[in-house]
Amino acid sequence: MATSLSDVRPPALTSISEPLPFFDGTTRLYICYLCPYAQRAWITRNCKGLQDKIELVPIDLRNRPSWYKEKVYPLNKVPSLEHNGKVLGESLDLIRYIDANFEGASLFPSDPAKREFGEQMISHVDTFTSGIYSSYKGDPVEQTSAAFDYLENALGKFDDGPFFLGQFSLVDIAYVSFLERIQLVFSEIFKHDITAGRPKLATWIQEANKIDGYKQTKVDKEEYLEVFKIKFLA
């Protein structure tokens, strides 16, 4: 597949990068290529087809420009979205905001049963990820079995597609960047296949990897594993 201009990753801005012309009418999504929270907003932008509407601005969080905190987002985190003269943050809020306030097909279904279950799954995502992360200092394979089984069961709720609500939605976006990293860590570090005995989870991962708007955002495996080892295994 030919690489389009929207697939090309701009270099991350650092402490020596010049400030941008803030609040000039350009809509900007500030991210970090390694950050799973920022990746959620990036995926949403891509899946809505907003590459030409929302400019991607990657930040090097390990050497971030001082103007980002001073001029853009005082919390000094990513993601943040500069839009209509204001800056918004928090990834789960941002994916909803991008979905609701920009053109493109909605990434959250209108069906009441799916919406209710979708809200339930989004509410669970922080519990899921924190449980996985806390296992890394213990026995990850044993301690996370129930968490992965929960996802396997959730993926059986609707039968009109391989994703949590059948079709790819904000619920999948809430989970996929974290599961991408978790699967990598379990495979490469702990030598364990999180999809073993979980066919629905295996299919979910396979089908997510076919979605261009997600594939364009995937983390560099070697770089992420290097950071993971420093953070969790040092």
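How are helices α4 and α6 oriented relative to each other, roughly parallel or roughly antiparallel? In this predicted model, α4 and α6 are roughly antiparallel, since their axes cross at roughly 160° and angles over 145 degrees fall into that class. Helices α1 and α3, by contrast, are roughly parallel to each other.

**Helix pair α4 and α6**

- Helix α4 spans residues 112–135 and helix α6 spans residues 145–154, and their axes come within 10 Å.
- The crossing of these two helices, α4 and α6, is left-handed.
- On the α4 side, the contact is formed by F117, Q120, M121, H124, F128 and I132.
- The partners contributed by α6 are A147, F148, Y150, L151 and A154.
- By residue class, the contact of α4 with α6 comprises nine nonpolar and two polar residues, with no charged ones.

**Helix pair α1 and α3**

- The axes of α1 and α3 (residues 91–101) come within 9 Å and cross at roughly 10°; an angle under 35 degrees counts as roughly parallel, and α1 and α3 are therefore assigned to that class.
- Residues Y37, R40, A41, T44 and R45 of α1 meet S91, L92, L94, I95, I98 and D99 of α3.
- The residues of this contact of α1 with α3 divide into six nonpolar, two polar and three charged.

**Residue S91**

- S91 belongs to helix α3 and has a relative accessible area of 6%, so S91 is classed as buried.
- Beyond its neighbours within four places in sequence, S91 is in contact with Y37, R40 and P79.
- The C-alpha atoms of S91 and Y37 lie 5.6 Å apart in space, although 54 residues separate the two in sequence.

**Residue N46**

- N46 is located in helix α1, which covers residues 36–47.
- With a relative accessibility of 6%, N46 counts as buried, the cut-off being under 20%.
- Excluding residues up to four places away in sequence, N46 touches Q51, G213, Q216 and T217.

**Annotated domain**

- An unreviewed UniProt entry places the feature "domain: GST N-terminal" at residues 25–106.
- Over residues 25–106, the chain is 37% helix and 20% strand.
- The end C-alpha atoms of the stretch 25–106 are 24 Å apart.

Methods: Residues are numbered from 1 along each chain as its sequence is written. This is a predicted model: local features need pLDDT of at least 70, side-chain atom pairs count only at pLDDT 80 or more; totals for chains, interfaces and linings use all residues. Side-chain values use heavy atoms; hydrogens and water are left out. Axes are lines fitted to C-alpha atoms, for helices over the stretch in contact, and angles run from 0 to 180 degrees between N-to-C directions. Helices (H or I, at least four residues) and strands (E, at least two) are DSSP runs, numbered from the N terminus. Angles under 35 degrees count as roughly parallel, over 145 as roughly antiparallel, 65 to 115 as roughly perpendicular and the rest as oblique. A crossing is left-handed if the near helix is turned anticlockwise from the far one by less than a right angle, and right-handed if clockwise. Contact means heavy atoms within 4.5 Å. Ala, Val, Leu, Ile, Met, Phe, Trp, Tyr, Cys and Pro count as nonpolar, Asp, Glu, Lys and Arg as charged, and the others, Gly among them, as polar. UniProt positions are given in the numbering used here, feature names are shortened, and annotations may be inferred rather than shown by experiment. Buried means under 20% relative accessible area, exposed over 50%, partly exposed in between (1.4 Å probe, protein chains only).
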